[in-house]
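Okay, thanks for having me, everyone. Let me put the sequence and the model up on the screen, and then I'll walk you through what is in there.

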Amino acid sequence: MRLSTETALAMLRRPSDNDTLGGRIWRARDAMSLSVKDLADRLGVRGDTISAWERDRSEPRTNRLFMLAGVLGVTPAWLIAGIGEAPKDDLSNTISGQLRDQLAQVKKLHEQTGKAISALEMELNRVLQDM
């Protein structure tokens, strides 16, 4: 695959992922909901090897790196340098769900506060009329 100079420059201008190779391997594996054993089985390596890669204690050889990218559904460029799209994970859905729940709770509290203010105003008006 050949890239034009403009495409290559545009890719380089995108903000890169500042994680390590091991961190990106772990994130991509997590996004795919794969265990270390599952990934190791798919690549034909030991689980200890995957763990060493994820902890940045060793790095995969080039042929394994390309296999790893294919299995994890990311580009080799993202794995190596964090350039390009990161894998999508459920974390954003989880966070947005939590925020929606919190917003609903705040709205409910807001409604209850409004009712309490109205009740307090009515009581204050009654007390002032009795004086």
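So, to start: what percentage of the 131 residues of the protein count as buried? The figure is 21%, where buried means under 20% relative accessible area, exposed means over 50%, and partly exposed is in between, using a 1.4 Å probe and protein chains only.

Before going on, a word on where this comes from. This is a predicted model, so local features need pLDDT of at least 70 and side-chain atom pairs count only at pLDDT 80 or more, while totals for chains, interfaces and linings use all residues. Residues are numbered from 1 along each chain as its sequence is written, and side-chain values use heavy atoms, with hydrogens and water left out.

Now the overall layout. The protein has seven helices and zero strands. Those words refer to DSSP runs, H or I with at least four residues for helices and E with at least two for strands, numbered from the N terminus. Among contacts with a separation of 6 or more, 56% are between residues 24 or more positions apart; a contact here is heavy atoms within 4.5 Å. The accessible surface is about 9800 Å², and 55% of that belongs to carbon and sulfur atoms. Those areas come from the Shrake-Rupley method with a 1.4 Å probe, and for residues only the protein chains shown count as cover.

Let's go inside. The largest nonpolar core has 17 residues, and Leu68 and Leu79 have the most contacts inside it. By nonpolar core I mean a set of buried Ala, Val, Leu, Ile, Met, Phe, Trp, Tyr and Cys residues joined through side-chain atoms within 4.5 Å. Which helix gives the most to this core? That's α5, with four residues. Leu79 is a handy one to click on: leaving aside neighbours within four places in sequence, its contacts are Leu21, Arg24, Ile25, Leu65, Leu68, Ala69 and Val74.

Some of those names belong to helix α2, residues 21-31, so let's stay there. The buried residues of α2 are Leu21, Gly22, Gly23, Arg24, Ile25, Ala28 and Arg29. They pack against α3 (36-43), α4 (47-54), α5 (62-72) and α6 (76-81).

Notice that Arg29 is on that buried list. What does the side chain of Glu54 make with the side chain of Arg29? A polar contact, at 2.5 Å. For that term we need a pair of N or O atoms within 3.5 Å; within protein, one must be able to donate a hydrogen and the other to accept it, and residues adjacent in sequence count only if both atoms are side-chain atoms. Glu54 is in helix α4, and it counts as buried because its relative accessibility is 14%. Not counting residues up to four places away in sequence, Glu54 touches Gly22, Gly23, Ile25, Trp26, Arg29 and Val36.

Ser33 has a positive phi of about 55° although it is not a glycine. Most residues other than glycine have a negative phi. Ser33 is in the loop between α2 and α3, and at 60% relative accessibility it counts as exposed. Asp56 also has a positive phi, about 60°, and is not a glycine either; look for Asp56 in the loop between α4 and α5.

On to charges. How many salt bridges does a search of the whole structure find? Seven, each being a side-chain nitrogen of Lys or Arg within 4 Å of a carboxyl oxygen of Asp or Glu. One of them joins Arg27 and Asp19, at 3.3 Å from N to O. Another is Arg46 with Asp48, at 3.4 Å; Arg46 is exposed at 58% and Asp48 is exposed at 53%.

Then there's Glu123 with Arg126, where the closest N and O atoms are 2.5 Å apart. Both lie in helix α7, three residues apart, about one turn of the helix. Glu123, Arg126 and Asp130 are linked in a network of salt bridges.

Last stop, the surface of that end of the chain. Leu124, Val127, Leu128 and Met131 make a nonpolar surface patch of about 430 Å². Patches are made of residues with over 30% relative accessible area and no salt bridge, with like charges joined within 9 Å and nonpolar side chains (Val, Leu, Ile, Met, Phe, Trp, Tyr) within 5 Å. Leu124 is in helix α7, and it is partly exposed, at 49%. That's my tour, thanks!
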